[in-house]
Amino acid sequence: MKKLNFSYHMQLTFEYPVRDHHFTLRCFPPNDARQQILTESIEIYPKQYSSTQTDSFGNRCIYGTASWEHNYFAADVNGQAVIDKDKNITEDAYKTGLFRYYTELTRPGEGIMGFYNKIKRSGHPLETAKHFMDKLFENFVYEQGATNISTTAEEAFLLGKGVCQDYAHILISLCRLEKLPCRYVAGMMTGEGATHAWAEVFDNGVWHPLDPTHNRLVDDTYIKISSGRDAKDCTINQGVFIGGGKQKQEVKVTVEEIL
Amino acid sequence: MAADGLYKYSEQINELLARYGVKFGIYKNNVFKEQLFPFDTIPRIIEKAEFDCLERGLKQRVTALNEFIKDIYSDKKIIRDGVVPEEFVYSGSGYLVQCEGVCPPKGVYTHISGIDLVQGEDKNWYILEDNLRIPSGASYPMIARDICRRSSPATFEKYHIEDNRNYAKLLRRTMDYVNTGGHTVILSPGRYNAAYFEHSYLAEQTGAHLVTGSELTVENDRLYFIDYSGKKEQVGAVYRRISDEYLDPMNFNKESVIGIPHIYDIYRKGNVALINAPGNGVADDKGIYYFVPKMVKYYLNEEPILQNAPTYLPYYEKDMKYVLDNIDTLVLKDVAEAGGYGVVFGSKMTKTEKEEFIALLKREPRRFIAQEVIDFLDIDIYDDGEIVPRKADLRAFVLMADEPLVWKSGLTRFSRDPDSFIVNSSQGGGFKDTWVLS
């Protein structure tokens, strides 16, 4: 069990002012069996009208509309969480079926299917998923800039390199080929940098989090922000607006253990 | 018999229908064209006792469909109990993950259903498909009846026919039942939509405002209609005639410019009714159709009153074998298509087409259903002054208010081509009034 301080900062800067900006933010760590949020403060700019809700995956959202012109859009979330990796996130098996089916981002093509056929073997679901993670780690290279947020699992696999989102998507695609329920998790881990992503595999009534980017089980140093079928379901900042021109997004995440 | 009085007004009635704008817009090769929807004056006549039976069966079917949708987006008991394989739910085009855990006002998902039936040579009625998303067509027999009554009042004195002009009242009752407080509006994508006539006619008949997306806005978790002076009035029910994916760019297709940002967020909170409920297409997928009689038994513990056309699911090995052995006598339907597209008759395929189709079927068994070709009971139409038999179906309308209501009429569509079984308006068919005798 660890106690962590976290801070998430996002700023979207527009070349020209925007108006009628509708947004939905998904950057608020939830309470679940493994993590408890002790304190939390949220600031959003511009805050003209906003409201909260929980989406179909249980993710907390803040949505709203900023109708007057603004040059940037920012969200700051700071808080403290207690993470206990020994607690289990449980669910009824028959309700997890929807995580067994492909989405646009996780549909395997010939590349992933060929890889799957080469590495598949029989075993318990969790062991199989860990085996896939091992093999993926051996055959995939971490490299920033090779892929982007809309790169599919298959495209990333064929490139042979990518970032945490791509690792997670490929692992999900492999698990779904095996008919294992598997979901995408967006989150943060200790240190400074960007957000992180991993996957959870369902086995025997429990969701097991695996971090394919580091080829290890998720432990007390990770904070979950949201989960869904793929990265699209976990979009942190979604918006439509008028104007804007070029946009620049900065994200800064800091997570430190409180000793 | 009954057409005698009406036939001589045929030309006049069709002229009036055209003048009122009874048209069907279609896109062909990317060009928008409005075509007339030809009306045949010979009505389809259904006896009271026969319709009473249809009515009971339709109420039962739509009640079960509504229960199914509610279950799928919450407890999923029917999956847990192995009655419907999850694959048919989650890989169907109608399943929307955004609807998980969302309960619409009063638990109604199927406010307006268009159930397509055909009558066989054996006089039995068979369900061909359930249309739950945005079924259109009620306005055509409504206005045709109105014009027929004016053209030949004597005909309607002579026969005891249920008045079908009450559809607007039934619809209003359905919309009012789920209204969360405020105005009722009909949301149309605009005049280039195939069913724009219907949108405007139903608005006029029910007293609802006809609006487009740009006239609605979400503020403080409520939906408002912005009137011509800029004043905002709260809206409690939206009979939306735009499909789920275009409803809200923040929750569905983000490219949509005809939707209303955040309308789905406030619907999720119960602050507005969307008619029909988003995601209800999970129950009208052609693959799910096979399971509807099973749903009736599962949710209502009753025997289904209305039968499906005999259907096979190649997903099941036994059915696959039957389909391969009997392909020449079957009609094959792609579950992802609608509007009469993606339908092929085994008997009409060439040898190569059949081989290609079988290969595809084996690769994607879930994508197809196969049905016995029903010998439709032909009904008479006037074609250039001659009475000729043609294939026809019946779209019955079921509305779900505090109880299911069946409209005592319906849209009878027929194929003008003597060799065709496909009656869809988008493929050039015509329509008739449907008289239910009282």
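Visitor: How near do the axes of helix α1 (residues 110-119) of chain A and α4(A) come, and at what angle do they cross?

Guide: Two packed helices are described by the angle between their axes and the distance between the axes. In this case the axes of α1(A) and α4(A) come within 10 Å and cross at roughly 65 degrees. Axes here are lines fitted to C-alpha atoms, for helices over the stretch in contact, with angles from 0 to 180 degrees between N-to-C directions. Helices (H or I, at least four residues) and strands (E, at least two) are DSSP runs, numbered from the N terminus.

Before we go on: this is a predicted model, in which local features need pLDDT of at least 70 and side-chain atom pairs count only at pLDDT 80 or more, while totals for chains, interfaces and linings use all residues. Residues are numbered from 1 along each chain as its sequence is written, chains are lettered from A and ligands numbered from 1 in the order in which they are written, and side-chain values use heavy atoms, with hydrogens and water left out.

Visitor: Is the crossing of α1(A) and α4(A) left-handed or right-handed?

Guide: The crossing is right-handed. That word applies if the near helix is turned clockwise from the far one by less than a right angle, and left-handed if anticlockwise. Contact (heavy atoms within 4.5 Å) is made by A:I112, A:M113, A:F115, A:Y116 and A:I119 on the α1(A) side, and by A:I170, A:S173, A:L174 and A:L177 on the α4(A) side. By class, eight of these residues are nonpolar, one is polar and none is charged. Ala, Val, Leu, Ile, Met, Phe, Trp, Tyr, Cys and Pro count as nonpolar, Asp, Glu, Lys and Arg as charged, and the others, Gly among them, as polar.

Visitor: At what angle do helix α2 (residues 10-20) and helix α6 (residues 139-151) of chain B cross?

Guide: Their axes cross at roughly 135 degrees and come within 10 Å. That makes α2(B) oblique to α6(B): angles under 35 degrees count as roughly parallel, over 145 as roughly antiparallel, 65 to 115 as roughly perpendicular and the rest as oblique. The crossing is right-handed. From α2(B), B:Q12, B:I13, B:L16, B:L17 and B:Y20 meet B:I143, B:A144, B:I147, B:C148, B:R150 and B:S151 of α6(B). This contact has eight nonpolar, two polar and one charged residues.

For another pair in chain B, take α8 (residues 167-178) and α9 (residues 196-206), whose axes come within 9 Å and cross at roughly 80 degrees. These two helices are therefore roughly perpendicular to each other.

Visitor: Which domains does the assignment give for chain A?

Guide: Domain bounds come from an automatic or database domain assignment. For chain A that gives domain 1 (2-84 + 236-257) and domain 2 (89-232). Their C-alpha centres lie 24 Å apart, and the contact takes 24 residues from domain 1 and 24 residues from domain 2. About 2,000 Å² is buried between the two domains of chain A, with carbon and sulfur atoms giving 64%. Buried area is the accessible area (1.4 Å probe) that two parts lose on being put together, summed over both. On the domain 1 side, A:R34, A:F57 and A:V253 lose the most area to domain 2, together 29% of what that side buries.

Chain B is also divided, into domain 1 (4-303 + 376-436) and domain 2 (310-372), with 28 Å between their centres.

Visitor: How many residues of chain A are in contact with chain B?

Guide: 24 residues of chain A touch 27 residues of chain B. The chains bury about 2,100 Å² between them, 55% of it on carbon and sulfur atoms. A:S56, A:Y94 and A:Y101 supply 29% of the area that chain A buries there, more than any other three residues.

Visitor: Which residues does the cis peptide bond in chain A join?

Guide: The cis bond joins A:Y45 and A:P46, with omega about -10 degrees. A:P46 sits in the loop between β2 (35-45) and β3 (49-54) of chain A. In chain B, the bond from B:I275 to B:N276 is cis, with omega near -5 degrees.
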